Amino acid sequence: MAASADFSLAASGRPSGDTERPPSSHMAALILARGGSKGIPLKNIKLLAGVPLIGWVLRAALDSGVFQSVWVSTDHDEIEKVAKQFGAQVHRRSSEVSKDSSTSLDAIVEFLQYHDEVDVIGNIQATSPCLHPTDLIKVAKMIQEDGFDSVFSVVRRHQFRWSEIKKGVSEVTVAQNLNPAKRPRRQDWDGELYENGSFYFAKRALIEKGYLQGGKMAYYEMRAEHSVDIDVDIDWPIAEQRVLSIWFIQVRLISERGCSAKTLSAMKLGCTMEVSATDKLQVVEKWKKEMGLCWKEVAYLGNEESDVECLKKAGMSAVPADGCPAAQKATSYICKCNGGRGAIREFAEHIFLLMEKVNSAGKKPQC
């Protein structure tokens with residue numbers, strides 16, 4: 001859903017589910033985002049479908065409503081800036097846990113040393129942009145209501161495995177998970193569960209013993225279309241394709257200005273409208289609930305101070321070239337056109353061009 005002072009575009013997707021927060025303990029989302037990257041420099045804030053990569057998982061964490069706090073652990077100024085723009089708090093990690101040899105557990109343990117209030121850590125991978133808030137809501141319930149000490153994400157794969165033969169060794173390969181004489185069809189085989197790294201939830205007591213997985217332990221199976229890892233699926237256009245495949249566009253309009261029923265009828269815009277809106281955030285929240293959306297699935301165009309909160313929360317946002325400074329600071333995309341002079345069309349074209357870009361490779365969304 002994209003909104004502006006005068007207009008809004010709505011993109012509906014899957015429902016975000018119940019977002020009531022369990023009150024029993026302090027659950028913190030923690031995204032680890034080092035500045036160093038052997039593959040893509042500052043990969044964590046590189047734009048993916050118009051949004052910094054880390055922004056997609058921050059949106060999911062914030063939309064889920066299950067975390068008492070959302071943190072980014074980083075050693076880099078630019079990553080800190082982006083994290084704060086998306087509404088996260090920042091833990092400046094030490095150089096000791098920012099080395100190539102440092103583990104995720106090292107960084108999480110350090111974070112807990114500074115935050116006695118945290119009882120449960122939801123360690124979310126920055127490179128999982130298709131993670132959906134509903135996944136986090138269900139996992140939080142497993143920890144806080146069902147009593148699991150740790151829960152980690154998996155995805156189901158239908159892949160046959162064979163033993164590896166080292167060079168120079170006179171051996172033959174052996175099937176690992178099938179009988180070649182009775183090779184099953186995909187529809188007749190349940191497949192296998194593999195960790196996909198999207199998240200690891202664990203209670204403090206377990207982490208302090210040196211484990212992210214242990215105690216009363218469970219896995220959470222993610223849908224294949226929500227399971228994409230930039231570290232593995234390093235083809236950026238394919239990752240963009242996955243992110244954008246959940247979108248289809250529905251336009252809605254919102255304005256602070258009043259407008260008569262006769263004028264609205266004459267405009268023949270053919271979409272939902274709300275005028276004389278004194279609280280745009282409240283209106284968009286109402287629309288989100290009606291459409292079964294989370295903020296991650298909303299695109300918003302606005303140009304006034306009253307748009308700032310919506311611009312910050314939306315998965316994709318934009319401001320016309322002549323938008324107020326506060327609005328421009330709240331978005332990642334500033335249009336070349338002014339309001340009323342093509343900004344709405346430009347933002348719509350920006351979204352569709354992103355979709356066209358990822359489809360130009362000739363590959364269909366893997367859903």
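Ring pairs join F67, F199, F201 and Y220 into a cluster, where rings of Phe, Tyr and Trp (its six-membered ring) pair if their centres lie within 6.5 Å, and planes under 30 degrees apart count as stacked, over 60 as edge-to-face and the rest as tilted. The model is predicted, with local features requiring pLDDT of at least 70 and side-chain atom pairs pLDDT 80 or more, whereas totals for chains, interfaces and linings use all residues. Residues are numbered from 1 along each chain as its sequence is written, and side-chain values use heavy atoms, with hydrogens and water left out.

Across the whole structure, five aromatic pairs are found. The ring centres of W71 and F111 are 5.4 Å apart with the planes at 70°, so this pair is edge-to-face; it links distant parts of the chain, with W71 in strand 6 (residues 69–74) and F111 in helix 3, 40 residues apart, helices (H or I, at least four residues) and strands (E, at least two) being DSSP runs numbered from the N terminus. W71 is buried, at 9% relative accessible area, and F111 is likewise buried, at 0% (buried means under 20%, exposed over 50%, partly exposed in between; 1.4 Å probe, protein chains only). F160 and W189 form a stacked pair, 5.0 Å centre to centre with 25° between the planes, in which F160 is partly exposed at 25% relative accessibility and W189 is buried at 17%.

Charged groups also face rings: the charged end of R157 sits over the ring of Y194, 5.1 Å from its centre, and K216 lies over the face of F148, at 4.9 Å from the ring centre (NZ of Lys or CZ of Arg within 6 Å of the ring centre and within 35 degrees of the ring normal).
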